[in-house]
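Hi,

Here is the structure I promised to pass on. Have a look at it first, and then read my notes below.

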Amino acid sequence: MLSVLRVHLPSDIPIVGCELSPYVLLRRPDKTFTTDDVPESAPLDGHFLRYKWYRIQSDRKVAVCSVHPSEQATLQCLGCVKAKIPVAKSYHCSPKCFSDAWQHHRVLHDRAASAVNENGNEEEEIFGRFNSTGAGVISASLTGSASSTSLINGSTPLYPTAVTQRSGGETWFEVGRSKTYTPTTDDIGHVLKFECVVIDAETKLPVGHPNTLLTSRVIPAPSPSPRRLISVGGADMMGQLDSDGRLSSSGTFTVLSYNILSDSYASSELYSYCPSWALSWPYRRQNLLREIVGYRADIVCLQEVQCDHFDEFFAPELDKHGYQALYKRKTNEVYSGNIHTIDGCATFFRRDRFSHVKKYEVEFNKAAQSLTEVAVQTTQKKVALNRLVKDNVALIVVLEAKFTNQGADNPGKRQLLCVANTHVNVQQELKDVKIWQVHTLLKGLEKIAASADIPMLVCGDFNSVPGSAPHSLLAMGKVDPLHPDLLVDPLAILRPHSKLTHQLPLVSAYSAFLRGIGLGLEQQRRRMDPATNEPLFTNCTRDFIGTLDYIFYTADSLTVESLLELLDEDSLRKDTALPSPEWSSDHIALLAEFRCVPRTR
């Protein structure tokens with residue numbers, strides 16, 4: 001007879017909006033094992049499985065910590081309550097938690113105060129008096145009534161509420177009848193119960209005892225403070241990127257570049273500091289999607305997008321938001337894992353802003369084959385291929401703008417745009433391979449530029465810090481022959497060094513923070529390295545902090561209007577690195593707003 005041997009969840013901490021999919025191990029009548037579902041529509045030996053989910057509601061309401069959402073809150077900031085800041089952000093699990101978070105938390109107070117108090121006379125009343133640890137006026141404990149307003153939103157459950165049991169101050173409400181369940185805001189602070197039982201297909205009665213599991217209390221999805229779009233030519237742009245209105249004027253467009261951290265690389269060994277629930281793909285994919293959609297970019301360049309995640313999640317989900325998708329999977333000559341989980345570069349564009357004209361795919365493995373055929377001695381070909389073949393790719397897309405380019409010489413002329421999206425080899429010791437890959441990409445873009453009068457964008461994770469040879473090649477159009485990176489060239493593929501040039505007038509978009517004028521730029525300049533004109537970091541882990549990601553543009557045909565503000569270490573909280581519950585990649589997103597300008601001759 002069909003029997004259930006085991007049920008468990010990969011993570012027992014449920015998060016609002018993230019699907020829970022229990023692992024159910026079955027033993028078939030023939031004594032073999034399976035994890036396949038056995039629905040009522042396809043019974044096995046006269047039996048099928050029935051699932052139920054329950055919300056266990058206690059008479060005592062529970063609030064969760066805004067910093068550590070898996071912990072129950074014990075303190076509430078009264079300053080937040082008086083300033084009418086969303087109540088969920090006022091809770092903390094301990095005095096130390098509140099003190100450690102104060103530098104970040106007080107930003108909420110500052111924003112509320114600037115909106116309400118024009119002369120600042122009421123700041124002391126709102127903030128309270130702070131002691132030397134930075135802690136503010138807080139209540140010593142939370143009662144049931146103190147947190148009830150944030151835990152009940154009055155929405156109608158997916159299923160008619162049916163009380164199945166009430167004892168010891170607990171009530172069980174049925175909330176789902178499928179194997180999977182996605183927690184809602186109604187579930188916040190409550191434990192969920194999953195029940196799986198074998199049912200006789202004829203009698204519809206249970207056979208044996210149900211198998212059950214209990215989760216931890218449901219927590220809200222952490223939400224970082226929205227990043228603003230900062231004008232580099234005028235006043236700070238008002239509002240947030242996740243507002244309903246479009247920030248771009250008719251003649252401008254926005255471009256996002258983001259390495260989203262492939263699930264195949266997001267191991268607990270590499271990122272032990274990130275809670276397991278925040279590292280899980282069901283959580284990260286929803287958090288990443290919310291972030292990407294919130295930026296409302298016209299063009300989105302993503303790196304480290306797994307093939308299956310592109311097909312099953314990102315392409316269909318972003319299609320709902322008006323994006324057309326293009327994808328280039330990495331080659332698999334080196335990769336030995338599941339072909340469906342290999343990652344690649346994905347480029348999306350808004351169908352109402354652009355139309356697709358042409359796509360070019362760059363496979364550096366093929367370029368390596370061609371190079372070794374003509375430039376490497378026969379005895380060294382195998383060694384050369386082993387060094388150069390790394391499966392990296394680039395995706396180049398030519399788009400046509402559907403919006404008018406105000407101020408152009410010829411309003412009737414087609415406005416084309418070339419967007420390159422790449423992910424360069426990560427291995428730091430292979431400096432020659434990095435330079436060669438970047439040079440190969442730029443030579444391909446030069447050919448496109450020679451065939452059409454077209455502005456260009458070069459986006460991606462170049463795995464190269466500012467000042468490195470690949471960065472110099474991109475930003476300066478050449479590499480100093482004495483650059484130390486050029487010393488690593490065992491195959492002599494970089495010689496003569498005079499060939500390491502290109503004619504594209506590329507400029508890094510974020511360097512505009514150092515050149516621009518306007519409100520809000522001083523804070524951004526403190527997050528820039530004046531020696532390299534690049535952000536202090538775009539990648540932040542426990543082992544590395546530095547800049548690897550860039551958006552380059554052709555300065556003779558495009559101008560930067562505004563940039564997405566940079567994060568600083570305070571924004572990431574001092575006790576963590578990336579990824580984190582708030583930010584689901586070890587990289588940060590870069591976004592720039594551009595305007596096409598008449599090409600200078």
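Let's start with a strand pair: β13 (residues 252-259) and β28 run antiparallel and are joined by six bridges. Strands here are DSSP runs of E with at least two residues, helices are runs of H or I with at least four, and both are numbered from the N terminus. Two strands count as paired if DSSP finds at least two bridges between them. Within this pair, L256 stands opposite L591 in β28.

Before I go on, a word on the source: this is a predicted model, in which local features need pLDDT of at least 70 and side-chain atom pairs count only at pLDDT 80 or more, while totals for chains, interfaces and linings use all residues. Residues are numbered from 1 along each chain as its sequence is written, and side-chain values use heavy atoms, with hydrogens and water left out.

Back to β28. Strand β27 (residues 558-564) also runs antiparallel to β28, through five bridges, and L563 has A592 as its bridge partner there. So is β28 (residues 590-596) enclosed or open? Seven of its seven residues are buried, so β28 is largely enclosed by the rest of the structure. Buried means under 20% relative accessible area, exposed means over 50%, and partly exposed is in between (1.4 Å probe, protein chains only). In a regular strand, side chains alternate between the two faces of the sheet. In β28, L590, A592, F594 and C596 are buried on one side, and L591, E593 and R595 are buried on the other.

F594 turns up again in the largest nonpolar core, which has 69 residues; F253, I299, L457 and F594 have the most contacts inside it. A nonpolar core is a set of buried Ala, Val, Leu, Ile, Met, Phe, Trp, Tyr and Cys residues joined through side-chain atoms within 4.5 Å. Leaving aside residues up to four places away in sequence, L457 touches several residues, including F253, V255, L417, I551, Y553 and F594; contact means heavy atoms within 4.5 Å. There is also a second, separate core of 41 residues, with V362, A368, W436 and V458 among them.

Now the rings. The structure holds 21 aromatic pairs. Rings of Phe, Tyr and Trp (its six-membered ring) pair if their centres lie within 6.5 Å; planes under 30 degrees apart are stacked, over 60 edge-to-face, and the rest tilted. One of the pairs is Y271 with Y273, edge-to-face at 6.2 Å centre to centre and 90 degrees between the planes. Y271 counts as buried at 7% relative accessibility, and Y273 is buried too, at 14%. W277 and Y283 also pair edge-to-face, 5.3 Å centre to centre with 80 degrees between the planes, and both are buried. Elsewhere, ring pairs link F253, F354, F403, Y553 and F594 into a cluster.

β2 (residues 23-27) is joined to β3 by two bridges, and L26 has T34 as its bridge partner.

As for the whole chain, it has 13 helices and 28 strands, and 52% of its 601 residues are buried.

Cheers
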